[in-house]
Amino acid sequence: MNVFRILGDLSHLLAMILLLGKIWRSKCCSGISGKSQILFALVFTTRYLDLFTNFISIYNTVMKVVFLLCAYVTVYMIYGKFRKTFDSENDTFRLEFLLVPVIGLSFLENYSFTPLEILWTFSIYLESVAILPQLFMISKTGEAETITTHYLFFLGLYRALYLANWIRRYQTENFYDQIAVVSGVVQTIFYCDFFYLYVTKGRCNGRVAGTGTRSYLF
């Protein structure tokens, strides 16, 4: 554990709480990609199977449970409680374009050809691209609510802090996880354009300007 890991976890948790708070207060899921949230729920499910087999620390266990709960509550709100407000017409990213190559890569590039290890590797690869349906939705509509941009910002910040965590661990522990680092770099790259727009474009009437969001690579 180091400060970058802790700040990364807190940034990740804040992003999820912001999204849940937005949905609950507004009673509306407009502008939120349900497909991205399904992918994130799948990421946590396949990654945290070791909850039943391996105890690391109270902090680790609590954070895993909280992330799982937040992910599934978000999916329930989008497809259950507030499904009438879900913008399904614009949430049209084809998930098979992500799942098929990620599954294939998980079997080809992993540390051990065991079920738990393959599922963990799958979760790492999937997390690196899980945000793409949300970014695609923003690029399609040309706008995003301010709270959604805050959610994306803190998700991107979480990944950037985790990269700093890996660098710190390499310096202090000589530890290097190639799969996690490379996937983290890929994921951070997807946020780079958004970071630039978040800082420079500003918000107008509670929304990011449509001309800005059009610069995503879709």
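Analyst: One term to begin with: a contact, or touch, means heavy atoms within 4.5 Å. This is a predicted model, in which local features need pLDDT of at least 70 and side-chain atom pairs count only at pLDDT 80 or more, while totals for chains, interfaces and linings use all residues. Residues are numbered from 1 along each chain as its sequence is written, and side-chain values use heavy atoms, with hydrogens and water left out.

User: OK. Which residues does Q187 touch, leaving out those up to four places away in sequence?
Analyst: Q187 touches E127, S128 and R159.

User: And where is Q187?
Analyst: Q187 is in helix α8, which covers residues 178-200. Helices here are DSSP runs of H or I with at least four residues, strands are runs of E with at least two, and both are numbered from the N terminus.

User: Is Q187 buried or exposed?
Analyst: Q187 is buried, because its relative accessible area is 3%. Buried means under 20%, exposed means over 50%, and partly exposed is in between, using a 1.4 Å probe and protein chains only.

User: What about V181 and V186, where are they?
Analyst: V181 is in helix α8, and V186 is in helix α8 too. V181 has a relative accessibility of 15%, so V181 counts as buried. V186, with a relative accessible area of 33%, is partly exposed.

User: Which residues does V181 touch?
Analyst: Not counting residues up to four places away in sequence, V181 touches L163, W166 and Y176.

User: Stepping back, how many helices and strands does the chain have?
Analyst: The protein chain has nine helices and three strands. Along the sequence, the pattern is α-α-α-α-α-α-β-α-α-β-β-α.

User: What share of the residues is buried?
Analyst: Of the 218 residues, 46% count as buried. Among contacts with a separation of 6 or more, 78% are between residues 24 or more positions apart.

User: How confident is the prediction, on average?
Analyst: The chain averages a pLDDT of 86, and 88% of the residues score at least 70. pLDDT is the predictor's confidence in each residue, from 0 to 100. Over residues 202-218 the pLDDT is below 50, although this stretch has 44 contacts in the model beyond near neighbours in sequence. Where pLDDT is low, the predicted coordinates should not be read in detail.

User: Noted. Which residues does UniProt annotate as "transmembrane region"?
Analyst: The unreviewed UniProt entry puts that annotation on residues 62-80, 118-138, 150-167 and 179-199. UniProt positions are given in the numbering used here, feature names are shortened, and annotations may be inferred rather than shown by experiment.

User: How much of residues 118-138 is helix in the model?
Analyst: That span is 90% helix and 0% strand, with its end C-alpha atoms 32 Å apart. Residues 150-167 are 100% helix and 0% strand, and their end C-alpha atoms lie 26 Å apart.

User: Changing topic: how many aromatic pairs are there?
Analyst: A search of the whole structure finds eleven. Rings of Phe, Tyr and Trp (its six-membered ring) pair if their centres lie within 6.5 Å; planes under 30 degrees apart count as stacked, over 60 as edge-to-face and the rest as tilted. One of them is F44 with F67, which is stacked because the ring centres are 5.7 Å apart and the planes are at 15 degrees. This pair links distant parts of the chain, with F44 in helix α2 (residues 34-47) and F67 in helix α3 (residues 58-81), 23 residues apart. Both F44 and F67 are buried.

User: Which residues form a cluster with those rings?
Analyst: F44, Y48 and F67 form one aromatic cluster.

User: Last one: what does N2 touch?
Analyst: Not counting residues up to four places away in sequence, N2 touches N165, R168 and R169. N2 counts as buried because its relative accessibility is 14%. A polar atom of the N2 side chain also lies 2.9 Å from the backbone nitrogen of F4.

Key:
Polar contact = N/O pair within 3.5 Å; in protein donor to acceptor, adjacent residues only side chain to side chain.
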